[in-house]
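Subject: The structure I promised you

Hi,

Here is the structure we talked about, with the sequence alongside. Have it open while you read, and I'll walk you through what turned up in chain B.

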Amino acid sequence: MKPLLFIFLLMMSGGIYAVDTHQLADPEQQESYETLTKELRCLVCQNQTIADSNAELAADLRQQVYEMLQQGKSREEIVQFMTDRYGDFVLYKPPFKGKTSILWIAPVVFLLMGLITVFFFIRRKKAAANQHSDAGAMEMDIEKQKKIRSLLEKGDPS
Amino acid sequence: MLKFIIPLILFIIMAVFLALGLNLRPSEIPSPFINKPAPAFSAPKLNAPEEKLSPADLKGQVWLFNVWASWCVSCRAEHPVLNQLAKQSAIVIVGLNYKDEANDANNWLETLGNPYDVSIMDQDGRIGIDYGVYGVPETFVIDKKGLIRYKHTGPVSDDDVQKIFLPLIAKLQAEP
């Protein structure tokens, strides 16, 4: 039991060691801080937000966000500050514009393509199955009738 | 017939995308700075901390702004290339000593040679953030008007110098 408990606690501890967090006095600003750091990409690690990352640059960017919020900067201003320096890549939610449109449209297109394929596939299968079972039923009937007739005529040999 | 053509087309589409993906370099993020003014700063010089340097002091010259640090391993690989470039005195090379200790930085320059006309210190990484630095070393080429014309992420190789930097520098020097 004890080793199991130990393993369980070890598994849980991953989420506990949070990266350093700044605390803002104003709860609204604190919320902005938390959402902003979750929307900004850590450019060194690329697949982590700056809230998740332990990279030094991520720490610096968190500090930057923290200070700008303290100075009373709005979320838009901070996002603008980051994109001015790092481009749209810094945003986990890139804005919809010419360059990024494929990012936004592609999933919808793929979903539609998939749905259309599934629709036709099912329809064809159904049609084929119907035809097949109808024909089968007919054949069976004829076979059966023949057998019944022959049995009736000759009498059951068994 | 259709049975074979559709999977074939799907395969070709996938193959094209995967082939493109193989050649992408996701670590190279397009810089939003190209043709924008080099962000202003006023930073202490590494060899003389009481003196400050700002991009305005370099107006009228084409200069290279190279972000480096003594803790940065790829900078060590890049260093001989910069030394070589400095020998040709084709361009003013300014170093941004990024998030480093002055002592370590000076030691590094003493042992490996100093290709920089001047290096400035950015201990807290603020200037780095203003230049969108995310992977040291990075190199910017700044023209006579103070506009950033090119950015290179990662170590500059001899090949890069010959094929990209020298032609670009020559072109920018010729501009008024």
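This is a predicted model: local features need pLDDT of at least 70, side-chain atom pairs count only at pLDDT 80 or more; totals for chains, interfaces and linings use all residues.

**The overall layout**

Chain B has 5 helices and 7 strands. Starting at the N terminus, the order of elements is α-β-β-β-α-β-α-β-α-β-β-α. How does its radius of gyration sit against the globule rule? It comes to 20 Å, well over the 16 Å that the rule gives for 176 residues, so chain B is more spread out than a compact globule. The C-alpha trace spans about 80 × 40 × 30 Å along its principal axes. Of the 176 residues, 35% count as buried. Take the contacts in chain B between residues at least 6 apart in sequence: 74% of them join residues at least 24 apart.

In chain B, 5 strands make an open sheet with mixed pairing, in the order S5-S4-S3-S6-S7. At the edges are strand S5 (118-122) and strand S7 (148-153), each of which pairs on one side only. From one strand to the next, the twist averages 20 degrees.

Is S6(B) mostly covered or mostly open? Mostly covered: 5 of its 5 residues are buried. That goes for both faces, with B:Glu138, B:Phe140 and B:Ile142 buried on one side and B:Thr139 and B:Val141 buried on the other.

- Strand S3 (residues 63-68) of chain B pairs with S6(B) in the antiparallel sense, over 5 bridges.
- Along that pairing, B:Trp63 stands opposite B:Ile142, and B:Val67 stands opposite B:Glu138.
- S6(B) and S7(B) also run antiparallel, joined by 5 bridges.
- B:Val141 has B:Tyr150 in S7(B) as its bridge partner.
- The hairpin of S6(B) and S7(B) has 5 residues between the strands, and B:Gly146 there takes a positive phi near 90 degrees.

Helix H5 (residues 158-174) of chain B lies across S6 and S7, running at about 165 degrees to S7(B).

Find B:Asn97 in strand S4 of chain B. Why does B:Asn97 count as buried? Because 27 other C-beta atoms lie within 10 Å, and 20 or more is what it takes. Setting aside neighbours within four places in sequence, B:Asn97 is in contact with several residues, including B:Leu46, B:Trp68, B:Ala105 and B:Ile120. B:Ser119 is also one of them. The C-alpha atoms of B:Asn97 and B:Ser119 are separated by 6.5 Å, although the two are 22 residues apart along the chain.

B:Ser89 is not a glycine, yet has a positive phi of about 35 degrees. You'll find B:Ser89 in the loop between helix H2 (73-87) and strand S4 (92-98), and with 9 other C-beta atoms within 10 Å it is exposed.

B:Lys99 is not a glycine either, and has a positive phi of about 45 degrees. B:Lys99 sits in the loop between S4 and helix H3 (102-112) of chain B. Buried or exposed? B:Lys99 is buried, with 21 other C-beta atoms within 10 Å.

Then there is a cis peptide bond between B:Val136 and B:Pro137, with omega about 0 degrees.

**Where the chains meet**

Last stop: 12 residues of chain B are in contact with 13 residues of chain A. On the chain B side, those residues divide into 6 nonpolar, 4 polar and 2 charged.

Technical notes
Residues are numbered from 1 along each chain as its sequence is written. Chains are lettered from A and ligands numbered from 1 in the order in which they are written. Two residues are in contact if their C-beta atoms, placed from the backbone, lie within 7 Å. Ala, Val, Leu, Ile, Met, Phe, Trp, Tyr, Cys and Pro count as nonpolar, Asp, Glu, Lys and Arg as charged, and the others, Gly among them, as polar. Helices (H or I, at least four residues) and strands (E, at least two) are DSSP runs, numbered from the N terminus. A residue is buried if 20 or more other C-beta atoms lie within 10 Å of its own, exposed if 12 or fewer, and partly exposed in between; C-beta atoms are placed from the backbone. Two strands pair if DSSP finds at least two bridges between them. Axes are lines fitted to C-alpha atoms, for helices over the stretch in contact, and angles run from 0 to 180 degrees between N-to-C directions. The radius of gyration is taken over C-alpha atoms; the globule rule is 2.2 Å times the number of residues to the power 0.38.
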